[in-house]
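Please open the structure in your viewer and keep the sequence panel beside it. The stops below tell you what to select next and what is to be found there.

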Amino acid sequence: MTKRTSAKHKIDRRMGENIWGRPKSPVNRREYGPGQHGQRRKGKLSDFGTQLRAKQKLKGYYGDLTEKQFRRIYAEAERVKGDTGENLIGLLERRLDAVVYRAKFVPTVFAARQFVNHGHVKVNGKKVNIPSYRVKEGDVIEVRDRSKQLAVVLEAVQLAERDVPDYVDADHSKMTATFVRTPGLGDVPYPVMMEPNLVVEFYAKN
């Protein structure tokens with residue numbers, strides 16, 4: 001098992017949910033947490049515990065972002081006019097690694113981060129190797145010519161377990177994708193319920 005696969009499975013087990021909807025998730029086989037005490041019956045979470053869990057799940061979904069990274073994105077979502085929870089989702093979905101994942105250029109968000117880091121992606125014709133790069137509406141993301149036949153790309157395009165959402169216009173024959181618009185919570189195809197409102201409550205109290 002690779003380090004990335006291990007990380008994904010660990011997050012799923014910790015959350016007790018298959019947060020990416022992957023068929024090989026360990027929670028498809030068992031619904032208890034990792035470790036020797038994982039099968040103990042869990043008590044009802046406190047309000048703090050519920051809010052913390054919502055934050056950890058959202059952080060985990062986008063590649064297990066660090067608290068510093070996530071807090072910085074949240075602070076920006078808070079500054080922007082409008083609903084903070086909706087703003088947070090929009091900012092997370094505008095990350096370049098998230099768009100590469102949504103376009104089905106790679107099979108996982110962890111692979112998307114590595115794919116961008118290794119220089120396989122261009123934005124509006126220029127190479128960008130920063131996963132947190134913020135995509136704007138109308139930006140064109142493309143896989144570099146030398147990377148189009150990589151096994152990870154060919155595998156991802158064939159995946160039947162998820163579709164490209166309508167706010168990303170992907171052309172797999174050219175391996176390009178246009179970021180059409182910034183989505184709201186209801187537009188994002190999360191396999192499990194995400195609750196950014198609880199994240200807002202968490203940071204309001206902590």
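Begin by selecting Tyr 62, which lies in the loop between H2 and helix H3 (67-79); helices (H or I, at least four residues) and strands (E, at least two) are DSSP runs, numbered from the N terminus. This is a predicted model, in which local features need pLDDT of at least 70 and side-chain atom pairs count only at pLDDT 80 or more, while totals for chains, interfaces and linings use all residues. Residues are numbered from 1 along each chain as its sequence is written, and side-chain values use heavy atoms, with hydrogens and water left out.

Is Tyr 62 buried or exposed? With a relative accessible area of 2%, Tyr 62 is buried, a word used here for under 20% relative accessible area, with exposed meaning over 50% and partly exposed in between (1.4 Å probe, protein chains only). Now show what surrounds Tyr 62: beyond its neighbours within four places in sequence, its contacts (heavy atoms within 4.5 Å) include Leu 92, Ala 98, Arg 102, Val 188 and Tyr 190. Draw a line between the C-alpha atoms of Tyr 62 and Leu 92, which are 30 residues apart in sequence and 7.6 Å apart in space.

Next, select Lys 59, which belongs to helix H2 (residues 47-61). Lys 59 counts as buried because its relative accessibility is 8%. Apart from neighbours within four places in sequence, Lys 59 touches Asp 64, Leu 65, Thr 66, Glu 67 and Phe 70.

Colour H3 and helix H8 (residues 196-205), whose axes come within 12 Å and cross at roughly 100 degrees; axes are lines fitted to C-alpha atoms, for helices over the stretch in contact, and angles run from 0 to 180 degrees between N-to-C directions. H3 and H8 are therefore roughly perpendicular to each other, the term for angles of 65 to 115 degrees.

Finally, zoom out to the whole chain, which has eight helices and five strands. Of its 206 residues, 45% count as buried.

Notes. Angles under 35 degrees count as roughly parallel, over 145 as roughly antiparallel, 65 to 115 as roughly perpendicular and the rest as oblique.
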